[in-house]
Amino acid sequence: MADNADKNVMGTHPDKPIIRIIDMHKWFDNFHVLNGINLDVKRGERIVICGPSGSGKSTLIRCINRLEEHHKGQVIVDGIEMTNDLKKIEKIRREVGMVFQQFNLFPHLTILENVTLGPIWAKKLPKAEAEKQAMAYLERVKVAEQAKKYPGQLSGGQQQRVAIARSLCMQPKIMLFDEVTSALDPEMVKEVLDVMIELARAGMTMIVVTHEMGFAKTVAHRVVFMDMGRIIEENTPREFFEHPRHERTRLFLSQILH
Amino acid sequence: MMAAASEEEKIMERPITQIGVLGWIRANLFNSPLNSIITVGLLYFLWKVIPPFVNWFLINSVWSGAPAQCRAADGACWAFIREKIRFILFGFFPYEDQWRPLTSVLILVSILIYSRNRRHWNRRLIYFWALSLAAILILMMGGILGLKPVSYERWGGLPLTLFISIGGIVGAYPLGILLALGRRSKMIAIKTFCIFYIELIRGVPLISVLFMSSVMFPLLLPEGFVVNKLLRAQAAIILFTAPYIAEVVRGGLQAIPRGQYEAAASLSLNYYQTLRRVVLPQALKIIIPPTVNHFVGVVRDSSLLLIIALLDLLNTTKTALTDTRWLGFSTEAYIFAALIYFIICYSMAHYSRRLERELDTREQGSKRRLDG
C-alpha cells in the first residue's frame with residue numbers, strides 16, 4: 001500500500017479517518033434506502049463500492065457531499081460533521097470532488113470555462129491563475145487541446161475526463177466516482193479508467209462506485225459490497241474476489257464475472 | 001499506410017437527388033391527383049387576387065395631391081399618408097419641434113442595432129445605454145439646453161409605442177425571472193405570493209389592468225397626489241407581462257436536468273452562483289422563442305393604451321382618420337400602421353433566431369458563432 005507516500009499529506013492526525021460514517025440511515029419516503037451504514041475511510045485510501053442496483057451505493061456516496069441528506073447517524077468529513085448548516089456544507093464540498101455517471105458538464109460553457117467555474121466563483125481564485133491551473137489538469141487528463149470547445153463537441157470519454165479535471169481543479173482531498181464508466185461506449189471506458197488509475201497512483205483518497213472489477217482488483221485497498229441498504233461485506237480485493245464470505249456476495253460476483 | 005488499398009477502393013458518390021426545376025415542380029406540386037388539384041386551385045386564386053391588389057396598391061394609386069384627386073382615382077390614396085405621416089408618427093408633439101422625437105427614435109434604433117452584436121455586450125454598452133436614454137429624455141421633455149418644455153401628454157405615435165414597448169420588455173423580463181424563481185422557492189410565503197400574483201394577473205385581461213392603473217389606482221392615492229399617467233401605463237404593462245414571462249421562465253428552469261444543479265453543488269457553488277452561472281444561462285437560452293413571443297405581444301399590447309387616452313401609434317393613426325377633409329382612407333392608414341408594427345415585431349423575431357443560432361453550442365455542425 002502507498003502508506004509512505006501518503007504520510008506527507010496526512011498532516012497531524014495520520015490515523016484519524018478523513019471520512020467517518022457512523023450508523024447512518026436514510027429513507028426515500030418510506031423506503032429504507034440506507035440501513036445503518038458504518039464506514040471509515042483513511043487518507044489516501046481507495047475504496048470500491050459495488051452491489052446490485054438499488055442497493056444504495058450511489059446514495060451512500062451522495063451523502064458524503066450532501067447531494068442527499070441522511071436522516072439518522074453521523075457523517076463526518078475531514079473533521080466537520082455534516083449538518084444543515086450551509087456554510088459547513090459548502091466547506092465540505094470544497095474538499096470533496098465528485099464525478100457523475102452522466103458527466104454533467106455545463107453545456108453552455110467551453111471546456112476551460114467548465115473547469116475554472118468552481119475555482120473562480122467558489123474559491124475566488126483570480127481568473128488567470130485558475131486558467132493556468134485548469135490547463136495543467138486538462139493536460140493531466142489529456143484533453144488540453146479541447147479547451148476552447150464545448151462539451152457537446154467532445155466524445156463521451158473526453159467529456160468524462162473533463163469532468164474529472166473539473167473536480168480536480170477544486171483541489172479536493174477526496175474524490176467520489178459514481179459509476180463514471182457506465183454511460184460510456186465500451187471503447188472509451190479504458191481512457192477514463194486510466195485517468196483514475198493515474199490519480200490513484202498520486203495518492204488521492206477515492207471512493208469509487210463501479211462494476212469494473214478489474215479496476216477494483218488493481219486499484220482498491222478495500223472492496224465494499226452493499227445490498228438492500230446495508231454493507232454486507234468488506235475486504236481486500238484479493239480476499240473479496242477469491243474468498244467471498246457471504247452467499248449474496250457470491251451470487252453477485254457470479255452474475256457479474258462471467 | 002493504407003494508401004495502396006484506398007487508391008483502389010472506389011468512393012461511392014451520393015446519388016443525385018436534385019433533378020432541376022421541372023423535376024422539383026413535379027415532385028412537390030403535382031405528385032398526386034389531389035396535390036395537382038390543390039396546386040391549380042391555388043394558382044387560380046393567386047391570379048384572381050394579386051393583379052387587382054397590385055393595381056390598387058401601385059398602378060392606380062395616388063401619391064400626392066388633394067383629397068379630391070384621391071377620390072377620383074381607383075387606387076390607394078398614399079397622398080393621405082404623405083399628408084398625415086408626421087401626425088401619425090409623432091402625434092401632438094409641437095410641429096416645429098418634431099425633429100426631437102425623430103432624433104429620439106433614431107438614437108433608440110441605433111443603440112438597439114448596436115446592442116444586437118454580442119461582442120458589444122460589455123460595460124461600455126451600459127454607458128452607451130445610459131447616455132442614449134438621457135439624451136432621449138432631454139429631447140422629449142425639453143426644458144433645458146434651450147429646448148422648449150413639452151409635457152408627456154403631448155407625446156405620441158411611434159416614440160410612445162417604442163418607449164412603452166421597450167420599457168415593458170426591459171421591466172417585465174427581470175421581474176418575470178424573479179417571479180419564476182419565487183414560485184420555485186422553498187420559502188412558503190414567497191412561493192405563495194408569487195403563485196397568487198401570477199395566477200391573478202394571468203386570469204384578467206390587460207384592459208382591466210390598464211383601467212385599474214388609470215382609474216382605480218389614483219383613487220387610492222392621497223388627495224392631490226398625482227402619478228404621471230404614462231408611468232402608470234408603463235407599470236401596468238410591466239406588471240401585466242411579467243407573470244407570462246415568469247411561466248415561460250419556469251418552463252425553462254424545469255428543462256434543466258438535476259445533474260446540472262448537482263454538478264454545481266459538488267463544485268461548492270452557492271444558490272446564487274448556481275443560478276447565475278449554470279442554470280439561468282441555459283434556461284433563458286432554451287426559452288428564447290417563447291420569450292420573444294411575449295415581447296412581440298408587448299409591442300402589440302401597447303396599442304391598447306388608446307383606451308386610457310394615450311396616443312400610441314395606432315391611436316394617432318385613428319385620430320388622423322377623423323380629419324373631415326380626408327375621410328374614407330382608413331385602409332391605407334391601417335396598412336401603414338400595420339407595416340410599422342410588422343417591421344418592429346419582425347426585427348425582434350429575426351434577431352431572436354440569430355441569437356438562438358449564435359448561442360447554440362450543441363454540435364460542431366450547427367456551430368455558427370461570431371466569436372472564436
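How much area do chain A and chain B bury between them? In this predicted model, the two chains bury about 2200 Å², 57% of it on carbon and sulfur atoms; buried area is the accessible area (1.4 Å probe) that two parts lose on being put together, summed over both. On the chain A side, His108(A), Trp121(A) and Gln153(A) lose the most area to chain B, together 26% of what that side buries.

The contact (heavy atoms within 4.5 Å) draws 27 residues from chain A and 23 residues from chain B. One salt bridge is counted between the chains, a salt bridge being a side-chain nitrogen of Lys or Arg within 4 Å of a carboxyl oxygen of Asp or Glu. Glu262(B) forms a salt bridge with Arg62(A), with 2.5 Å between the closest N and O atoms.

Now for some rings. The whole structure holds 19 aromatic pairs over all chains; rings of Phe, Tyr and Trp (its six-membered ring) pair if their centres lie within 6.5 Å, and planes under 30 degrees apart count as stacked, over 60 as edge-to-face and the rest as tilted. One of these is the edge-to-face pair of Trp155(B) and Phe163(B), 6.3 Å centre to centre with 75° between the planes.

| Residue | Relative accessible area |
|---|---|
| Trp155(B) | 9%, buried |
| Phe163(B) | 19%, buried |

Residues are numbered from 1 along each chain as its sequence is written, and chains are lettered from A in the order in which they are written. Local features need pLDDT of at least 70, side-chain atom pairs count only at pLDDT 80 or more, and totals for chains, interfaces and linings use all residues, while side-chain values use heavy atoms, leaving out hydrogens and water.

Methods: Buried means under 20% relative accessible area, exposed over 50%, partly exposed in between (1.4 Å probe, protein chains only).
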